[in-house]
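Please read this briefing alongside the sequence and the model shown below.

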Amino acid sequence: MQYMAKARLEARQLWLDWAEGGSDAFPYIWLRDTDPAGFHPRTGERVFDLTSVPLDLAPVAARVKGAALVIDWPGDGAPSRFDLDWLRENRPGRRRPDPAHVPATSWRGDLGAAGVPRARAADVLHGDTALAEWLRRIKAMGLSIVEGLADDVEAGMRVARRIGFLRETNFGVTFEVISKPDPNNLAYTSDALPLHTDLTNQELPPGWQFLHCLANEAEGGGSVFCDGVAVAEDLALEDPEGFELLATVDIPFRFHDAETDIRARKTVIRRGEGGRVEEICFNAHLADILDIAPEIMPAYYAAYRRLMQKTRDPAYLVTLKLGAGEMVVFDNRRVLHGRAAFDPATGRRHLRGCYVDRGEFDSRMRVLARETARTEPA
């Protein structure tokens, strides 16, 4: 759409009165800092030096010329020229549109295994439209299953690489979830795993986890998932003070073995814009010795224990058993996962996993949206 407007100057900002109705304010310092000429023509990075102008900078004159706003600044420099459509879309006080911004749709146990979004591996591997639609669905739910993967240890990793670079951790770029004789992590045993998020001890825990099932013939070993957003939302209603403790008090997490000692502090619940729950960082096995002030410790333990109990409440749990050729994909900083114990003597159980960080995931969504916009008819 081509917007038309009239410009008027005030003490510290310029106003555009739109022909369609309404007005928007544009502070002068923002206009100078955002001058299209101040960005590198190839990289798109800002090259303008903000310290080169005073904060109280004001234009000499401004006018609308055709579909552009032209601003003359003091000195001999070239005027700034802005496309009116661009100014309308990027006006201050309004978030820039982001194709990766997909609000979380919280879910509980009544979702059931049948309600988990599914996709075919061939579709997401070979079709950008299918990939983009799948990414939007799983961004909302935080959980999905990919079906029809080849009987190949790299099949799941190929799907992950369609999204972005794999995140390397102290367990490697990929990891094998099998029972080992000398494990350095509970995942490498046949024991039950209570619900948790992975690698809470990392400065930035991995984002999306991919677990490709190569074999699941043993008795037991069912996978369990829980939406941490739903649990936290309900806790906030039932116990506001406890929720606030979990959202504001940092606690220590630690993983250590013969070669590593990785520690981090963070809150169990992290809120984003508007106070909405964005992340859960919960792993009782990696929680280090609690070192918070003694006077808040009883209340903290009560809130922490209540959250733990909710992650075991069937009202929040979705249970399924992956079959060979299936891969579960979930947001590790939102969806808690666990498994039932299994008997390795009754059959083989082998999952192969990797991580792709949230930033890579969101970048892929944006690039796919940009490419779709280019190919759509005008």
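Contact here means that heavy atoms lie within 4.5 Å. This is a predicted model, in which local features need pLDDT of at least 70 and side-chain atom pairs count only at pLDDT 80 or more, while totals for chains, interfaces and linings use all residues. Residues are numbered from 1 along each chain as its sequence is written, and side-chain values use heavy atoms, with hydrogens and water left out.

**Two individual residues**

- Leaving aside neighbours within four places in sequence, Asp362 is in contact with Ala100 and Lys139.
- Asp362 belongs to helix 9, residues 358–375, where helices (H or I, at least four residues) and strands (E, at least two) are DSSP runs numbered from the N terminus.
- Asp362 is buried, its relative accessible area being 15%; buried means under 20% relative accessible area, exposed over 50%, and partly exposed in between, with a 1.4 Å probe and protein chains only.
- Trp18, in strand 2 (residues 13–18), is likewise buried, with a relative accessible area of 5%.
- Not counting residues up to four places away in sequence, Trp18 touches Tyr3, Met4, Ala5, Ser23, Asp24, Phe26, Leu84 and Arg88.
- Between the C-alpha atoms of Trp18 and Arg136, which are 118 residues apart along the chain, the separation is 34 Å.

**Nonpolar cores**

- A nonpolar core is a set of buried Ala, Val, Leu, Ile, Met, Phe, Trp, Tyr and Cys residues joined through side-chain atoms within 4.5 Å.
- The largest nonpolar core has 30 residues, and those touching the most other members are Leu246, Ile251, Val268, Ile269, Phe282, Tyr300 and Tyr304.
- At least two residues of this core come from each of strand 13 (223–227), helix 6 (228–238), helix 7 (240–248), strand 14 (251–256), strand 17 (277–280) and helix 8 (297–310), and helix 8 gives the most, with five residues.
- Another core, of 27 residues, lies apart from this one and includes Trp134, Leu135, Val146 and Cys354.
- Phe282 touches Leu195, His196, Thr197, Thr200, Val268, Tyr304, Leu307, Met308, Thr311 and Leu336, when residues up to four places away in sequence are not counted.

**Helix pairs**

- Two packed helices are described by the angle between their axes and the distance between the axes; axes are lines fitted to C-alpha atoms, for helices over the stretch in contact, and angles run from 0 to 180 degrees between N-to-C directions.
- Helix 5 (residues 155–163) is mostly covered, with seven of its nine residues buried, namely Ala155, Gly156, Met157, Val159, Ala160, Arg162 and Ile163.
- The axes of helix 4 (residues 128–141) and helix 5 come within 11 Å of each other and cross at roughly 85°, which means that helix 4 is roughly perpendicular to helix 5; angles under 35 degrees count as roughly parallel, over 145 as roughly antiparallel, 65 to 115 as roughly perpendicular and the rest as oblique.
- Asp128, Leu131, Trp134 and Leu135 of helix 4 meet Val159, Arg162 and Ile163 of helix 5 in this contact.
- By class, the contact of helix 4 with helix 5 has five nonpolar, no polar and two charged residues, where Ala, Val, Leu, Ile, Met, Phe, Trp, Tyr, Cys and Pro count as nonpolar, Asp, Glu, Lys and Arg as charged, and the others, Gly among them, as polar.
- For helix 7 and helix 8, the axes come within 9 Å and cross at roughly 95°, so these two helices are also roughly perpendicular to each other.
- That contact is made by Gly242, Leu245 and Leu246 of helix 7 together with Ala299, Tyr300, Ala303, Tyr304 and Leu307 of helix 8.

**Sheets**

- Two strands pair if DSSP finds at least two bridges between them.
- Five bridges join strand 4 to strand 5 (residues 68–72), and Arg63 stands opposite Val70 in strand 5.
- An open sheet of four strands has the order 10-20-13-18, again with antiparallel pairing.
- Strand 13 and strand 20 (residues 335–339) pair in the antiparallel sense over five bridges, with Val224 opposite Gly338 in strand 20.
- Helix 6 packs on this sheet, touching strand 13 and strand 20, and its direction makes about 45° with that of strand 13.
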